[in-house]
Amino acid sequence: MGSDESGALDARLGARLAELRAEHGWSLGELAERSGISRSTLSRAEHAEISPTASLLNRLCGVYGRTMSQLLSEVEAEPALLVRAADQRIWEDRASGFVRRSVSPPHPGLRGELVEGRLAAGTDIAYDRPPVPGLEQHIWVLDGALDVTAQDVEHRLGVGDCLRLRVWGPTRFSCPGPREVRYALAVVLP
């Protein structure tokens, strides 16, 4: 994704975050208390002065009761039933090297979505809570190795392995290397 395209996505995302806060009638201070994110960081994200990280978006999704894919799809046009490879949105957390392709984005009337994730070797991403409590996830490793920690249990996944779980608390995704990991993530709303 070029810098112009990612900048435009950051601007649409920032505007949507500001709309969500306004819909709830919250000040930046109230949202900061609910999310544990500083007012300054929230303001900079809403004004697209920073590109939000996966962890920041996850916290905000938790406060707003959405999955990350739902939030990202809200800044795009209505998704089609057939999602061509060229039309699958890619979002990158440039700070961590996490790349997320929305293979099958959220769609009205459907509870599931499919995401392709890529983590560079040595990447470690921690989420302090699920965006929606009880979210069902199926994590299928396509290439490389992935460590997933959920409910204080670490699972090492190799090529072809699939971890199925409902997410209630903190999770951690890390790529032990020596090369990147590519995995499919099926997400099903409770």
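This is a predicted model: local features need pLDDT of at least 70, side-chain atom pairs count only at pLDDT 80 or more; totals for chains, interfaces and linings use all residues.
Residues are numbered from 1 along each chain as its sequence is written, and side-chain values use heavy atoms, with hydrogens and water left out.

Searching the whole structure turns up 1 cavity of 30 Å³ or more, where a cavity is a set of points, on a 1 Å grid over the protein atoms alone, at which a 1.4 Å probe fits but cannot get out. The largest cavity holds about 260 Å³, the volume being the space filled by probe spheres set on the points, which are joined across faces, edges and corners. It is lined by 20 residues, and Asn58, Met68, Tyr127, Gln137 and Leu185 are the closest to its centre; a lining residue has an atom within 4 Å of a point. Among the elements giving two or more residues to this lining are helix H5 (68–74) and strand E5 (135–143), helices (H or I, at least four residues) and strands (E, at least two) being DSSP runs numbered from the N terminus. Strand E10 supplies the largest share, 3 residues.

Next, the helices. The axes of helix H2 (residues 28–35) and helix H4 (residues 54–64) come within 9 Å and cross at roughly 100°, with axes fitted to C-alpha atoms over the stretch in contact and angles running from 0 to 180 degrees between N-to-C directions. H2 and H4 are therefore roughly perpendicular to each other, a term that covers 65 to 115 degrees. In this pairing, Leu31, Arg34 and Ser35 of H2 meet Arg59, Leu60, Val63 and Tyr64 of H4, contact meaning heavy atoms within 4.5 Å.

Turning to charges, the count comes to 16 salt bridges, each a side-chain nitrogen of Lys or Arg within 4 Å of a carboxyl oxygen of Asp or Glu. One of them joins Arg94 and Asp10 at 3.3 Å, N to O. Because Arg94 lies in the loop between strand E1 (90–93) and E2, and Asp10 in helix H1 (residues 3–24), the pair ties together parts that are 84 residues apart in sequence.

Finally, the backbone. Most residues other than glycine have a negative phi, and most peptide bonds are trans. Here, the bond from Gly177 to Pro178 is cis, with omega near 10°, and Pro178 lies in the loop between E9 and E10. Gln151 has a positive phi, near 50°, and is found in the loop between strand E6 (146–150) and strand E7 (153–157).

Definitions and conventions. On a 1 Å grid over the protein atoms alone, a cavity is a set of points where a 1.4 Å probe fits but cannot get out, and a pocket is an open set with protein on both sides within 12 Å along at least five of seven lines; lining residues have an atom within 4 Å of a point. Angles under 35 degrees count as roughly parallel, over 145 as roughly antiparallel, 65 to 115 as roughly perpendicular and the rest as oblique.
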